[in-house]
2 protein chains.
Amino acid sequence: MKNRKFEELVTSGNSKIVFLIMDGLGGVENDEQSGTELQVAQKPNLDGLAAKAICGLLDPISPGITPGSGPAHFGLFGYDPVEYNIGRGVLEAAGIDFPFTDDDVVARINFCTVGSDGKITDRRAGRLATDDNIRVCEKLQKQINKHAQLSDILIRPVKEHRAVVAFRGKGLFGDLEDTDPQKTGELPLAPKALNEQSKSIVPIVADFIQQAAAILNDEPRANMLLLRGFAKYRRFPTMLDRFKLKSLAIATYPMYKGIARLLGMDVLEGITAIKDEFKALEENFSKYDFFFLHIKPTDSRGEDGDFAAKVKVIEEVDTFIPGLLKLNPDVLVVTGDHSTPALLKSHSWHPVPVLLSSQFCRKDKVAIFDELNCITGGLGRMESVYLMQVALANADRLAKFGA
Amino acid sequence: MKNRKFEELVTSGNSKIVFLIMDGLGGVENDEQSGTELQVAQKPNLDGLAAKAICGLLDPISPGITPGSGPAHFGLFGYDPVEYNIGRGVLEAAGIDFPFTDDDVVARINFCTVGSDGKITDRRAGRLATDDNIRVCEKLQKQINKHAQLSDILIRPVKEHRAVVAFRGKGLFGDLEDTDPQKTGELPLAPKALNEQSKSIVPIVADFIQQAAAILNDEPRANMLLLRGFAKYRRFPTMLDRFKLKSLAIATYPMYKGIARLLGMDVLEGITAIKDEFKALEENFSKYDFFFLHIKPTDSRGEDGDFAAKVKVIEEVDTFIPGLLKLNPDVLVVTGDHSTPALLKSHSWHPVPVLLSSQFCRKDKVAIFDELNCITGGLGRMESVYLMQVALANADRLAKFGA
């Protein structure tokens, strides 16, 4: 019922659902290795769980499509990843808990260095220190004159050379091309509308860039900025609204917290280690219906191309499974948002192994949690967007459709 | 081609298709049993058939969604179960071969008992005898004054405390809430429109309820009625129109006969035993192209939570497979409309095993007809609505799409 609001069928309940998401979990076999990262990892607890669970493979979007982190996660949470696709600017801003309003067009700022001819010499402003980023953002925010058509303009630092800007004003749209030419030796691009309705914001953005260039002129590194991922903010229906799930996100990286906030989840702050994520789950287990526990390093090590290190992350997560099972969640899902094979050093299109454990799951014959076994599992191969329906059904939180 | 009219591709033919539908066939393993109902059942003939067939799992609607009987069957017959979803009133009325017109808004009547304060004391009118139901319906039909905006009002008994009423009039819509509060000790609810276009029927329904209460006042049990499942009747394109299939339904329960009638199938009456259903198939085999043979007790025993009895029904059906095969249908499909695991005592979301046997099916390795084997079959996992396309193709009744 991807194209229908299956939330009409959602009922209330006391059951608890845990989504353990190992980012970039899926892999590809490698000539130097005897299999994929999941196949090589020693993970007795995950395999034991698979033996009592129903398994399958998830396509984040559809076969062959490599997703970004935003759509990959929206799909997992039952939000159609195409319909709910949003710009990087909004994702980045959500990561720092930006106080969005319905009138905001948001873009990501990359501070950069330009030469006296205006051409880019460093797209990351010499790997700007975060402290400098904070100082530069404050300076910009103080000195900028907001355009007459804006009710406000907000500039907020993120990390290193990255920041966000929100153009706040009634009736604005944000379908603009990036001003980042993606290489050094070129001039920053002028802002350009991708459709008719977004034309009115172009002079506003151009004015902002011109003022910013003047204000930053005396900076040694961050003497210019590039804008990327323009998007108009839109309010998403929350997990509570759609699924009657009071939801908690436990994540270490800002972007995943941001995704969770966009869906109305509560978000824990200040956690950096995997073991503390599982501890936080235990401490908060009585307070919520749904838990999104996000493991970042599987993806990071995959992006690094470090097969062995990705294997180690999987093995580390495996050691926390027994503790997690002691909490006795009604439904436990273990999967990834997408594949990040070390072989490819990037997100990929390969479907991701998934296991779902519940009293009613109808366990299958799969007893090893990896790509090749999961395709023979009882869930078969399905799009991620259906996972939430299956989880809610197993949690006894979905009524029958039709008479 | 769910969202497309694949019937454009349908060709005529002499081939015969049999759908043997064991209602609620799919199951779930149970701590006290060594597997699901299908796994425990001794069914050498179905297993032998599976060995020569192509197998898979069907999702009645989509993963995780538990269907009612109406949408579950519409899907099997190639009618999109979301698009063709209809109210219980129409399903119930179709079961008694109600003479629908395009101007009918239909609801199911539950006769009930109310106390002197008007509050419900028994929602089933003391399990009213069907004879009393017939008498009460005749009394109502005789004494009711049809509302000035109606061209007719028809009241027809079904069984026990259940009946149907059709409000016949031009331009009426039927999106109304049930008047059944679903518990005793409460007053029946007033009729309430769910949308603007259905507001005009509200006073008509209210007037009917008020008159009925007065007419039934002297009844010892059925002294009031509750209305449920309001729906405007709409004519479905028939199986003959869409698929060029002259179709026969062989079923023991009114609702399934009703579903078949809504799709233009001929329906045999007076059959109550499984053996007589198979006999009827044989007797009528030369007269039709398509046969819907419906087995009810798999679902009933599942709803009872009686695992062993559901196993026995499967074993009984198995004994009729050799006789069925002697008829030599070009395409034989064996599946269920949905799962009804004895463990859950209700319809469930679990996908249903399916086998399809034909000369051209491309048989797979599956040689045991059950949930865990079928997922490794050649059909994989698919939505029920695609089954009819596959059956027509195997019956050599579908032309090529595109040049």
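Modeller: Two strands pair if DSSP finds at least two bridges between them. Helices (H or I, at least four residues) and strands (E, at least two) are DSSP runs, numbered from the N terminus. This is a predicted model: local features need pLDDT of at least 70, side-chain atom pairs count only at pLDDT 80 or more, and totals for chains, interfaces and linings use all residues. Residues are numbered from 1 along each chain as its sequence is written, while chains are lettered from A and ligands numbered from 1 in the order in which they are written.

Biologist: What joins β3(A) to β7(A)?

Modeller: Strand β3 (residues 104-114) of chain A is joined to β7(A) by 7 bridges, and the two run antiparallel. Pairing needs at least two bridges. One of the partners is Leu226(A) in β7(A), across from Asn110(A).

Biologist: Why is strand β7 of chain A called largely enclosed?

Modeller: A residue is buried if 20 or more other C-beta atoms lie within 10 Å of its own, exposed if 12 or fewer, and partly exposed in between, with C-beta atoms placed from the backbone. In β7 (residues 224-232), 8 of the 9 residues are buried, so the strand is largely enclosed by the rest of the structure. Over chain A, buried residues make up 53% of the 403 residues.

Biologist: What makes chain A as compact as a globular protein of its length?

Modeller: Chain A has 14 helices and 13 strands. Its radius of gyration is 22 Å, close to the 22 Å that the globule rule gives for 403 residues, so it is as compact as a globular protein of that length. The radius is taken over C-alpha atoms, and the rule is 2.2 Å times the number of residues to the power 0.38.

Biologist: Why is helix α14 of chain B called mostly covered?

Modeller: In α14 (residues 387-394), 6 of the 8 residues are buried. Among them are Leu387(B), Val390(B) and Asn394(B). The cover includes β1 (17-22), β2 (54-59) and α3 of chain B.

Biologist: What relation do the two chains have?

Modeller: Chain B can be laid on chain A with an RMSD of 0.1 Å by a turn of 125° and a shift of 0.2 Å along the axis. That is the relation of a three-fold axis. In chain B, the C-alpha of Thr376(B) is nearest the axis, 3.3 Å from it. The superposition is by least squares on the C-alpha atoms of residues with pLDDT of at least 70 in both copies.

How values were computed
Contact = placed C-beta atoms within 7 Å.
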